[in-house]
Every structure is written in C-alpha cells, then in structure tokens.
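Take a moment to look over the fold before reading on. The paragraphs below walk through it piece by piece.

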Amino acid sequence: MSPHPTDGPSATARTVGRRSFLALATGTVLGLAACSPQVKTAANAEPAGKLPSGAPPPGTKLAVAVRQTRLQLEPSGLKKDLAFTVSEWPNLSAGPDIIQGFRARSIDLASNAGIPPIQAKAIGVQTRIVAVQVRPLPIYTFATAPGTAIASVADFRGKKIGFSQGQAQGVVVLRALKAAGLKNSDVELVALPSTQFLTALQSKQVDVAPLGEPSLTKYLDQYAKDGAAAVKTDVVDLLTVLWAPVEVLDDPAKAAAVRNFIPLWAKGLVWAWENTDEWIDTYYVKDQGVSAADGKRIVSSLNKPQFPVSWDKAIAWEQETADLMAEGGFVPEQDVTDLFDRRFEGLAAESVAAEYRETS
C-alpha cells in the first residue's frame, strides 16, 4: 500500500451505525457530484460495442493510477510496448480517492480490490472492471494497538476496530467477524480511511485494524516493543482488479489504450515475481522505505500472480462480497454482473505463461 498524506484521525474518525455508513459515504461523494457537471449517476450501461482490436490512435492519453506497473515498466523492458501516452501516474490507491478521481476525470484507469467498484455502484458512479488477478492467500493481517491484549479475532468483542467501508480492509473486517461467529454489533466499528489506520493504532484511537504490507512491517518495527502485535487470520481478499469509468471505456481510443495496458500490467506482475531481488530494491527499498531483509520477508509471503481465464468465479466472489455488505446495511442490494466488462475477459491471462493462468 502506498503512503498518502492525510489529516490526523481525530479530524475524520467517527463511530457510526451500520446504516449510517451508507448515508455518510453517499452524502460525501454525491456532494462532490453536485459540484461537477461531469458526473454521471445512472446505472451501469451495457458495454459500447465491440472492443477495438488495433493500437490506440496517435495522441491517445490516459491517467493511470497503478503505481507498481509504473515502476515495473522500465526494468522489465515492457515500456517499449506502451502504445499510448500516460498523461499522469497519480500516486493514489485508496478506493475512495480513486472514486473521487474518476468523478473529477483526473484518473482514467486504476487498480484496487473488488470492493471499491461495489461502493462506486452504490453511490451511482458508473465503472467497469476490465482485468482480474486472484489472490487465494491472505494479504491483510490485523495489527493491535500498543499494549492491547488481543490474541485472536475472538478477542475483538467489545473492541474498537478501524473500518473502511469502501475498501478491501472493510470487507476483511466483516469476513473475519463472521468467521469468528461475531456480529457487527459485538464490536465498535470506527469509520476511517485505511490511510489513517497507522495513526489511529499509534494513538490508540482504535484497538485493532487490518494492515497490508509494507505498512504492517513498518508499524511492528516501531511499536512491537510497546506491545503491538499481529493477529493472523485465514480471511482472503481474493480479487485485484483494473477498473475504469464507463465514459473512458465508451471512448474507442481510450478503450484501445486500456486494452494495450492490460497485458503490460499482467506481465509486470509476473516480472516482479520472477525477479524478486530487483523488485525488492526498486519497490520495497527505494519506493516504500523498508529494509532489503524486510522486503524479502514480505515478498516470500505474497501470492504468485494468477490471472483467471474465465471471470465466472470472480463474479461469484464479487456478488458474495456485495451481499455481505448489503446484509450489514452498508450498501443497497445489487447485482454485480454489470460491473464486469467481459469484452476484456481473458486478455490478462492470454498475455502470460500457462503457469500464471487460473483455469479452475
């Protein structure tokens, strides 16, 4: 997870009821919509015609918020295959930030977990998923505040948990509670963007929050001596997706650029997997500021890149996630089928060797 400048947690943290989360999120983003005539809030439409098969026309530009690919293109030798101009590489990764960027037309393509597209649809933002990576192993670990006596998810009862509704970490919390037989009402969900989890843990504003790497390593390196700890679970956040606003995909030139980018994204992830020493130095050490030793430990825990030939399983998982969110009152019930632009299905899988394709 890339670091982002944020206000202190006291500025935005609040504990709210389940249904209040939806009102909070909807009010915030629709408030932005009211200030912008560019925003569309209708239900997702059908994909606009056949996917362009040729190279994007000269002058085609996209703003791409996929930081890891940016760092992989040069050392992997893939940059020469980029057939359009990247006008900007916004250093944003949190779902709410990406949704705002889509609304402002400052981002054309981004990488996130499966939950932000669900959240976007809930508040009327038209987007589609254009590529899928599956991650069958857990990528988030619950970190505890210094001095907090929490050894398992069963100990979460009555505790304050950092909860980011529109991000993967929020669903990880809900899935972990459900697996442990706890209700959402058994804990205190503290509404915070994931970018503020570290500060909230440090200040003991929350007792526990899910962290990914390298944030988890950075946090424990500093606070384990004060009693902070990691609580591992089997909870999986299965999907990483590339997604884009409908209006981007309805533009033939930009759709062609997205089509060109997808194989480079997949091949870049494979390159990083096969060239771990160079990737650790490029990303974890130089970009994220962790030691080479910690970088090696982090990489050893990661999932091997897997790109599904068929999206059927991904769609089923996304529907299960949407249903879980709806059960908690965080989003309205929704059918996620129209979140997937199946014109792009299989492009990522076709671009990599067979060992990186998920066929089950």
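Where is the place of Ser 164? Ser 164 sits in the loop between strand S7 (160-163) and helix H5. Helices (H or I, at least four residues) and strands (E, at least two) are DSSP runs, numbered from the N terminus. This is a predicted model, in which local features need pLDDT of at least 70, side-chain atom pairs count only at pLDDT 80 or more, and totals for chains, interfaces and linings use all residues. Residues are numbered from 1 along each chain as its sequence is written, and side-chain values use heavy atoms, with hydrogens and water left out.

Is Ser 164 buried or exposed? Ser 164 is buried, because its relative accessible area is 3%. Buried means under 20% relative accessible area, exposed over 50%, and partly exposed in between (1.4 Å probe, protein chains only). Set aside the neighbours within four places in sequence. Ser 164 is then in contact with Gln 169, Gly 170, Leu 192, Pro 193, Ser 194 and Phe 197. Contact means heavy atoms within 4.5 Å.

Now step back to the whole chain. The protein chain has 13 helices and 13 strands. Of its 360 residues, 55% are buried. Among contacts with a separation of 6 or more, 83% join residues 24 or more positions apart.

Return to H5, residues 168-179. H5 is mostly covered, with ten of its twelve residues buried. Among them are Ala 168, Val 172 and Leu 177. The twelve residues should span 16 Å at 1.5 Å a residue, and the end C-alpha atoms of H5 are 16 Å apart, which agrees. The expected span of a helix is 1.5 Å times one less than its number of residues. After H5 comes Gly 181, with a positive phi near 80 degrees.

Which way does H5 run against helix H12 (residues 312-327)? Their axes come within 11 Å and cross at roughly 80 degrees. H5 and H12 are therefore roughly perpendicular to each other. Axes are lines fitted to C-alpha atoms, for helices over the stretch in contact, and angles run from 0 to 180 degrees between N-to-C directions. Angles under 35 degrees count as roughly parallel, over 145 as roughly antiparallel, 65 to 115 as roughly perpendicular and the rest as oblique. On the H5 side, Val 171, Leu 174, Arg 175 and Lys 178 meet residues of H12 including Trp 317, Glu 320 and Leu 324. By class, this contact of H5 with H12 has five nonpolar, one polar and four charged residues. Ala, Val, Leu, Ile, Met, Phe, Trp, Tyr, Cys and Pro count as nonpolar, Asp, Glu, Lys and Arg as charged, and the others, Gly among them, as polar.

H2 and H9 pack at about 75 degrees, with axes 9 Å apart. H2 and H9 are therefore roughly perpendicular to each other. Their contact has eight nonpolar, five polar and no charged residues. Gly 77 follows H2, and its phi is positive, near 80 degrees.

H9 itself has 23 residues and reaches 34 Å from its first C-alpha to its last, close to the 33 Å expected. Ala 255 lies in H9. Ala 255 is buried, with a relative accessible area of 1%. Beyond its neighbours within four places in sequence, Ala 255 is in contact with Leu 51, Pro 52, Val 248, Leu 249 and Phe 344.
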